[in-house]
Structures are given as structure tokens and as C-alpha cells.
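This briefing covers the ligand site and the open pockets of one protein.

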Amino acid sequence: MYFPAYRPRRLRKNSAIRELVTETKLSADDFVYPMFVMPGKNKRVAVKSMPGIYKQSIDNLIKEIREVKKLGIKAILLFGIPSHKDERGTEGYDKDGIIQRAVREIKKRVKDIIVITDVCMCEYTSHGHCGIIKDGDVDNDETLKYLAHMSLSHAEAGADIVAPSDMMDGRVGVIRDELDENGHHDTAIMSYSAKYASAFYGPFREAAESPPQFGDRRSYQMDPPNVREALREIELDIEEGADIVMVKPALPYLDVVRAVREEFDHPVAAYQVSGEYSMVKAAGKLGWIDQELVMMETLISIKRAGADLILTYFAKDAAKVLSR
Ligand code: PBG
């Protein structure tokens, strides 16, 4: 049937009818809220390039987690800012490191919040790279041991899900083995499987104080032009035991999210990264776009592309909109 008999506008007439035929719906429980924890007491430091996002000491972090929970958000992703950085990122796998202490406190004081921990060395190393340096580059196999120790220390502290974001080859398998050998078969792995070497991580590196001190991350993170390679990365991670696979960034890589959704059955996460957030906030502040509408449109696009979970700094703002 064609025009004039068929008129698509009939089902767009008002919001009630549009909602009746909507294909995709967002909900607060799609979101994971990334948070930054730092040492100290009663600390709350604004991340300049990410309005609304703070680095906080554990006490203030817990206050914000309570607020996050009230908004219907079920999970947080934790990044740690250590008090000390060195060549081997030792605080990353110290049982009294910032993340390990934060997770223990959260689990003691807040009920029913899923705690996901980012597993990567870049926040803990003095050189800012995501692993152990040998001959001017990150040594893959040497780094695996550290990632396994770090994951185990997070699981021992009580993390529900560990999320390796380093992009070393073989890390999911090594982490799975380490967790299982130590009785943590119930700790899930959300793997940053298709993580691109993206300039959209800029503001995050200010927040996490983790820019590489030399070179860049292109020898381990993926090259932006590739999508078939992303499918191979996802397949490897699933073979090695990943429970959830992730594509990162989100909006500039929606084709990758869609390709992964079509090829695999595992839950797919998409990470709307710091630069994606900052751009919307900045243009909104200048009055060049309607911040709230653009935010909701980006999120629905990510879901429509096929993401089951969305990691986003907008989680709280969007949950508020959804509850109106
Ligand atoms: C750590 C890590 C990064 C992000 C998440 N985990 C930074 C990087 O790889 O440089 C980026 C998150 C964001 O930009 O919001 N490796």
C-alpha cells in the first residue's frame, strides 16, 4: 500500500499514539553510572571538562551512590585515583588500594547496588600506559599477570563484575582462570572487547589523571576504521569467558554496536565516553543545542543500535527525565 492510502503520519499524530508504536524504550536500569574515587575524607573535586562529574573520597562517593540508587539506577562502574603511582602500578592490585577499600565500604554500607570495577593499569602507573613497559611499548604477556591479580583483588573486596579495559590479548581467559582458581566463579567479567584508540577519552584522562606520558595507546587499542576486527575481538573474549561484551566509544561506533548485536547473543554494553558527554554539555551550555533533548536522543540511538546496557555519565540526568 502506498500514498495516499498509506500515511505514516497517522501514527505520529500525538505523543500517546507515538508511544503506542515506539520500537525502543529507555529505562533507568539500562544505565551504568561511572564514578571516580580518590583517597582522603570529605573530598569532592569537580572534573572541569565534565560538568556534574566529581572525584570523591569514599564517604562522599557513598552518599552519591545512595542518590544514584534512588533514581532507579542499578549499577556503578568505579575508577580509582591512587595516592601513589609507580612503574608497575602496584596500588592497582594492593588489597588496601583505593578501589579495594571503596568496594569493601560500599558493600558494607549500601544494599543492592551492582559494583563494577574497571581493571586497567593506566590510572596506577607513573607512565600512564595500560601495562608493563618493555622496550618502549606495553608488554602483553607480562601485563596479563598484573591484570589477573588486580581482578582477583577486586573480587575479594566484593566487586560483582570486573571490567578489563586494557585491551591486552588473552586477558579475559587469564582473569577467568585466576578468579575461578580462587573460588570467585560467580564474579562476572564485562570485557571492553572492542575498545578503540579514541580521542573521545580526553576528558576522562583529566579526571583519572591517566594520560600516557609518552606515545599513545594505538599499539593496544583498536584502530577506528575497523569493524570486522571488532567482531574477532568480541569472539575471542566470548571464547575466553566474557559474560558481557562492550563497544567503546558509543555514538561514533553505532555501526559496531549493531554488528555485534547481530552476530552474538551475549549482552552487549556500549560506553558513551567522556568526550561524548563533554560535547553535549559544552554545546548545551553555549545554548547551541538543547542539552536534555540531545542527551536523550544519543541514549535512545545507542539502545536502538542494539546495546542492552549503556555506560554513561548522563545516567542520573537521564533517569530524572525518565521519571517525569
Ligand atoms: C582505562 C579507561 C579509559 C576509559 C575507560 N577506562 C581511558 C583510556 O583508555 O585512555 C575512558 C572512559 C571515558 O573516556 O569516559 N584504560
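In this predicted model, a side-chain N or O atom of R205 lies 2.7 Å from an oxygen atom of the ligand. Y313 also places a side-chain N or O atom by a ligand oxygen, at 2.6 Å. The ligand on its own has 400 Å² of accessible area, and the protein covers 100% of it.

**Ligand surroundings**

- The ligand sits in the largest cavity.
- There are 17 residues around the ligand, and those that come nearest are K195, R205, K248, S274 and Y313.
- By class, the shell around the ligand has 9 nonpolar, 5 charged and 3 polar residues.

**Largest pocket**

- The largest pocket holds about 550 Å³ of space.
- Its lining consists of 16 residues, with E19, T22, T24, K25 and I300 nearest the centre.
- Helices α1 (15-20), α10 (291-305) and α11 (315-322) are the elements that each give two or more residues to this lining.
- The lining of the largest pocket divides into 7 nonpolar, 6 charged and 3 polar residues.

**Second largest pocket**

- The volume of the second largest pocket is about 150 Å³.
- N140, M167, D169, S219 and Y220 lie nearest the centre of this pocket, out of 14 lining residues.
- Strand β7 (137-138) and helix α7 (228-240) are the elements that give two or more residues to the lining.
- The lining of the second largest pocket has 6 charged, 5 nonpolar and 3 polar residues.

Technical notes. Residues numbered from 1 in each chain as written. Predicted model: local features only at pLDDT ≥ 70, side-chain atom pairs only at ≥ 80, totals over all residues. Heavy atoms only, no water. Near = heavy atom within 4 Å. Polar contact = N/O pair within 3.5 Å; in protein donor to acceptor, adjacent residues only side chain to side chain. Areas by Shrake-Rupley, 256 points an atom, 1.4 Å probe, with all protein chains shown as cover. 1 Å grid on protein atoms, 1.4 Å probe; cavity = no way out; pocket = protein on both sides within 12 Å on 5 of 7 lines; lining within 4 Å. Sits in = over half its atoms within 2 Å of the grid points. Nonpolar A, V, L, I, M, F, W, Y, C, P; charged D, E, K, R; others polar. Points joined across faces, edges and corners; volume = space filled by probe spheres on them. Helix = DSSP H or I, 4+ residues; strand = E, 2+ residues; numbered from the N terminus.
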